[in-house]
Amino acid sequence: MNSFETLDWIVIVGYFVVIGGLAAWVISRKQKTTEDYFLAGRNIGWFVVGASIFASNIGSEHVVGLAGTGAGDKIPMLIYELHAWIVLMLGWVFLPFYIRSGVFTMPEFLEKRFSPGTRWFLSVFSLVAYVLTKVSVTVYAGGIVIASLLQIDFWFGALMTVILTGIYTVLGGMKAVVYTEALQTIVLVIGAGTLTFIGLDAVGGWDGMRSALEPGYLNMWRPPSDPDFPWPSLVFSSTIVGIWYWCTDQYIVQRVLSAKNIKEGRRGTIFGGLLKLLPVFLFLIPGVVALALKNRGELSWDTPDQAFATLLMAKMPVGLKGLVAAGLLAALMSSLASVFNSCSTLFTVDIYKKLRPETPDDKLLKVGRIATGIVVVLGILWIPIMQNISGVLYEYLQSVQSYIAPPIAAVFLLGIFHKRINSRGALTTLIVGMAVVFIRLSLELASDSLNPDSFLYAFGNVNFLTFSSWFFLFSILVCLVVSMTSAAPSAEQIKGLTFSTLSAEQKTENRASYNAWDIVFSLVVLAIVVYIMTSFTG
């Protein structure tokens, strides 16, 4: 395996110089209000919104993991990369309600639609979940990627990335995050796209790759009896997770809330949807190519997660290796910056400002910067803890989203589509839902000590996709039953926050926020999703 040469290091250093220069320029434009710091003054155009959505989603562990999916006979997981249609759903269905309500955060929207209790629950839960999962997993996986790729010490690589990202996130706020993410998206797409092109050329094109794989390897649709990826559960569960992640999670939605208006935000989601289709070709295909080359005896690696780095170091020419490495660094830094900024926003707006509502903007700006700094420190403190966690538990943390998504997705969906849903139904669903999540996780961890014939064992070991699907239906049922058996919300409270309570003026305003081209490009995204789904059938 070849190592980096001087030109590669020049490219990598050049990347850091450009990112540093862009961040410095943004930081020099002072933030005067919380809207400036947390939502970039709500003045971002569609290109930056879309690129930021994409960059926030793609972390270095995502890149390596998706390539590992391609190389490790887990092609059905490809469906999570086809959520471009759900990104469109954010722009066409949810965004108008979010922007019209003028909220900074998703918990704040729940308070407007339901009650302060739902806001408190979601804000505290989200903050804890971000620190324990998003921050820790991103920092840990990123440190491993950097250490192995750049052949430097794990601690040095992780600390360097966390500190550099933390500096521009603390000082520049949301504006620094979204503008650097726009640049990082370009670097990532060019770098990984070049690797895909060179890899396919090395394996003899698409036909050459398929001929080196087992028959049916590229089929993403497994029978309903499949123990790992039964297609009905996979489709249903992945959709639930997608709606929660893309349409209700602060981590993603905050990017769209920074748009100038509904039109720019929706166009940002359409562009983000197009970009969301790229990981299939940028990361999954290189993993499949690496497997094909391994089957032909031209590459060697021990685990599927090593496929991407092995292909990179073996097949990319000097200079381009550095470009792809810069792309991986871009993926890591953009994900870290997003989660740092989202944590800061949740704490400052949903907790600190809620407890001290009279706090002036200049004080909230300081609190926001301090909160970001604290999350950066927590990220660093998590590094040794994550080093001691087994690989099984690491993967376990990655899959937790399949459990936490159903109750949150149910509350947001019903809240927008059904005016009869009230605060008691929403809060009960969230509390009961999280109790179910805790029970499920506890039973999974204790499964070895349970009687294999018992209900508890079955509950803790049923396929996670199947569990997630039934859990969503249970959450819907709880929310409906509790809401229908208690008082309806007042007409004033839900005015303009559900489809059936929109005023004629709001409907007219919404129709004026898009044109034929927005519809055409949205249909193009949907057509590509369908094409990919029907192409990966063997």
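Here are a few friendly notes on the model above, point by point.

1. A word on the basis: this is a predicted model, in which local features need pLDDT of at least 70, side-chain atom pairs count only at pLDDT 80 or more, and totals for chains, interfaces and linings use all residues. Residues are numbered from 1 along each chain as its sequence is written, and side-chain values use heavy atoms, with hydrogens and water left out.

2. Have a look at serine 52, which sits in helix H3 (residues 46-57); helices are DSSP runs of H or I with at least four residues, numbered from the N terminus. With a relative accessibility of 1%, serine 52 counts as buried (under 20% relative accessible area, 1.4 Å probe, protein chains only). Apart from neighbours within four places in sequence, serine 52 is in contact (heavy atoms within 4.5 Å) with Val178, Glu181 and Arg255.

3. Next, a pair of helices. The axes of H5 (residues 84-101) and H6 (residues 106-113) come within 11 Å and cross at roughly 80° (axes are lines fitted to C-alpha atoms over the stretch in contact, with angles from 0 to 180 degrees between N-to-C directions). H5 and H6 are therefore roughly perpendicular, a label for angles of 65 to 115 degrees. Phe97, Tyr98 and Ser101 of H5 make the contact with Met106, Phe109 and Lys112 of H6. By class, these residues are four nonpolar, one polar and one charged (Ala, Val, Leu, Ile, Met, Phe, Trp, Tyr, Cys and Pro count as nonpolar, Asp, Glu, Lys and Arg as charged, the others, Gly among them, as polar).

How values were computed:
Helices (H or I, at least four residues) and strands (E, at least two) are DSSP runs, numbered from the N terminus. Buried means under 20% relative accessible area, exposed over 50%, partly exposed in between (1.4 Å probe, protein chains only). Angles under 35 degrees count as roughly parallel, over 145 as roughly antiparallel, 65 to 115 as roughly perpendicular and the rest as oblique.
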